[in-house]
Amino acid sequence: MRQYTVTGMSCAACSARVEKAVSGVPGVTGCSVSLLTNSMSVDGEASPEQIAEAVEAAGYHAFLQKEAQISVDTEREKDEEQARLFTRLISSLVFLGFLMYLAMGHGMWGWPVPEVLAVNPLLQGVIQLLLTLIVMIINRQFFRSGLNALVHRAPNMDTLVALGAGASFVYSVCVLVQIRYESPMGHDGIHGYGLYFESAAMILTLITLGKLLEARSKGKTTDALRSLVKKVPQMARIWQEGQEKEIPADRVRVGQIYVVRPGESIPVDGVVLAGSSGVDESLLTGESIPVDKAEGDSVFAATMNCSGYLRCRATRVGSETAFARIVRMVSEGAATKAPIAKIADKVAGVFVPVVIMIAIVTCCIWMLTGAEPGYALARAVSVLVISCPCALGLATPVAIMVGSGTGARNGILFKTAEVLEKTGRTGVILLDKTGTLTWGKPVVTDIVPDEGDEKELLETAYLLEKHSAHPLAGAIVEYAEKYLDAAVSGESACEVGSGGTEVQGLDRGLTDVEVQDFEVLPGCGVKAYYKGERLLGGNRKCVNDCIIPESRLEKKSLDLAKQGKTPLFFVRGNRMLGIIAVADVLKPDSPGAVKSLQKLGMRVVMLTGDNAYTAEEIGRQAGVDEVMAGMLPEEKALTVERFREQGLVTMVGDGINDAPALTAADIGIAIGNGTDVAMDAADIVLLKNSLTDVVAAIRLSKATLRNIKQNLFWAFLYNSLGIPLAAGAFTGVLGWELSPMFAAAAMSLSSFCVVTNALRLNRVRLYDGECDTDRVDEIQDTEKIKDLKEEKQMVKVIEIQGMMCGHCSARVKKVLEALPQVEEAAVSHETGEARITLTADIPDEALKEVIEAQDYTVVAIR
């Protein structure tokens, strides 16, 4: 996708014209024009030269942007535009004041004027002409843009303003000439002839005021995005030949060495070569606590170096930095169009020609009914100036821009406007377990000694697991090292174990001790020798010959497994030392987030590749509606189709294994600290590692869609009532008339009201659930969801002996799920059980038969 800056657009009709012209270029597969940011996104193989030519042919200008972001130059241009509008407004008001005094004050209310004017009314008319002409020259941009658009057969809002003001001026000049010939000195007065000089000048002045208010309000809609861009430092200090040299940050190249002093922002992504410091990464992660950085650690552009001096090597620069990707994602998302905007775009595309025809017909009808030419012209001019395609064209993009900016400030990045619109209509939320509901990092939860004390158990586990690369081993090593550090520092190194005794500080010398003949036992655990004794650590299969069936320890291991924990057995010599249980624990905010999603009327389902016991326990703690365990990545993607009939499906995940489901879902959400693959596959990226941001994204989507509907309703209502009122349709019935001046004032305020309403999204309380209501009625096929929630599914648990590894579990799972009555089977070789969900009853003998045919033994079925 390429981003272009488009100049010369003044209303929704302009953006519709540009979009139509570019969409017709061979090789263009998609085009979206944003009037709000004066930008254009183009997909396809067409060259920038072809795009620029198409835009030029439509009467506008386009320039290719080097990076998809709001630059400092663009911001300066917007400030200069507001300054020009303000100057035009003040200048117009000065001359308009004199004109209104002469035309209205003296003519209608008898305010005093110099004697030379009082005795020569015709001279008053000439001065009105000159004052109006000055105001028209000050606001000549309306005529230049409007007539240029008319020449290109693409009339826009400026065309309406130019026609309205021009018609009033030309008519008044003609009347003034008539006065000159009928009453050379104007002794009969000019006010009875119906001059409209003041209307022409007032129209231009009020429209300029509206443009200024609109420009300032539109500027506020991009504040969030511009504030992001400002976070990147403009200068960087590179290290050359032992000295620091300051250069522009955009000139830093990959591989160059740069330094960052305390209190400075990091200019580009890099890796630390020397020094240590705390770095505030809240802009990227949302976490306010600085992250410690030392040699070998990665640092990111726009983050703040809080304390130490860092020397780094640049790894990603310019538009390739992590921060630039975030800005690009936000700006591209804001530049896209939501489906709900298509109706407004279609109307805006034909709006101006239709209004011109209505104005002509209005004038003709009033002339045919016997009205004076001045009155008929006033009605036509009112129709021209009250009509506002901008309100229609801005209704959606301003809400999308403000909504995207509000999300970006809170670490919620929507890739497209369509996603921002439809996220709030989600019916089913699918949550990955690891890293989404849980921390994604295992920790030690229980220490259960058997033939030894807890200290010996932990020391043996440490000696074994410090050589293993398995994540579970890392949890045990990290846990044990806390006590090693405590023992050295002399601090209390006690921890209450599951048996109620204290784990004393371990011997620091263990860090230097090496075991012999270390060996990984695939699918089981690890083995080594220390001082001639065999050390074993792993699952039940690993220590099968050392554990007594039906013993207290075996029962405890089953209890731990049912709690969602992984029991690891440790043996020294022939002694069973005990169990260390490890688990990936639930995030503290996950249950609250799940409850909030349910309150918003969504069905929450947890998907995981873990065994059924672990999954069920985590699901119970989180409070989800349904748990689906033992799922492979491709099975997660298929599950999306199963739930789609219940409404829009949103998948939340963080890993590579979640990418297929994220792609298959209607909306994919990649949660913070996820892999690049997951973030690329997702439609929404959450920078913080918190499930509450999923709830916040949905609340923001609902608020944005509600705001868009309000804007469209106002825009359609304004034009539907305003145009007939201006045409005089209610004159005969209600006596209502609308002068061109009031019509111009109404038109000026229409766009301002739409933009101001959109700015209210900045005040949306994303993390406040008090306004949430149970809206199950909004979900498609509600009754089906209710039936599913109330349905009592039949579940059977089968105890199986002989399963030794994951292949055994998969084998049993396959034969069970081949049975037509079995909807799902969750099998664990660690617990020796299979948990099956049935769609219909099936005899126990049939289940036993298919399992024992695979050479396993069925102990019990319950």
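The model is predicted: local features require pLDDT of at least 70 and side-chain atom pairs pLDDT 80 or more, whereas totals for chains, interfaces and linings use all residues. Residues are numbered from 1 along each chain as its sequence is written, and side-chain values use heavy atoms, with hydrogens and water left out.

**Whole protein**

Begin with the complete protein in a cartoon view. Its secondary structure amounts to 30 helices and 30 strands; these are DSSP runs numbered from the N terminus, helices being H or I of at least four residues and strands E of at least two. Of the 862 residues, 54% are buried, where buried denotes under 20% relative accessible area, exposed over 50% and partly exposed the range in between, with a 1.4 Å probe and protein chains only. The accessible surface is about 37800 Å², and carbon and sulfur atoms hold 56% of it; the areas come from the Shrake-Rupley method with a 1.4 Å probe, and for residues only the protein chains shown count as cover. Among contacts (heavy atoms within 4.5 Å) between residues at least 6 apart in sequence, 69% connect residues at least 24 apart.

**The seven-stranded sheet**

Next, select the strands of the open sheet, which follow the order β14-β26-β25-β24-β15-β22-β23 with mixed pairing. Two strands count as paired if DSSP finds at least two bridges between them. The edges are β14 (412-414) and β23 (626-628), each of which pairs on one side only. Neighbouring strands are turned by 20° against each other on average, direction ignored; axes are lines fitted to C-alpha atoms, for helices over the stretch in contact, and angles between N-to-C directions run from 0 to 180 degrees.

Within this sheet, select 667-670 and 684-686: these are β25 and β26, which run parallel and are joined by two bridges. Ala670 has Val685 of β26 as its bridge partner.

Arg603 is buried at 5% relative accessibility. Its side chain forms a polar contact of 2.9 Å with that of Glu626; such a contact is a pair of N or O atoms within 3.5 Å, and within protein one must be able to donate a hydrogen and the other to accept it, while residues adjacent in sequence count only if both atoms are side-chain atoms.

**Salt bridges**

The whole structure contains 24 salt bridges, each a side-chain nitrogen of Lys or Arg within 4 Å of a carboxyl oxygen of Asp or Glu.

In the Glu244 and Arg237 pair the N to O distance is 3.8 Å; Glu244 is partly exposed at 31%, whereas Arg237 is buried at 18%.

Proceed to Arg575 and Glu456, whose side chains form a salt bridge of 2.4 Å, N to O. Arg575 belongs to strand β21 (residues 575-583) and Glu456 to helix α17 (residues 454-465), so the pair ties together parts 119 residues apart in sequence. Arg575 is partly exposed at 29% relative accessibility, and Glu456 is buried at 18%.

Finish at Asp768, which meets Arg765 in a salt bridge of 3.0 Å, N to O. Asp768 is buried, with a relative accessible area of 18%.
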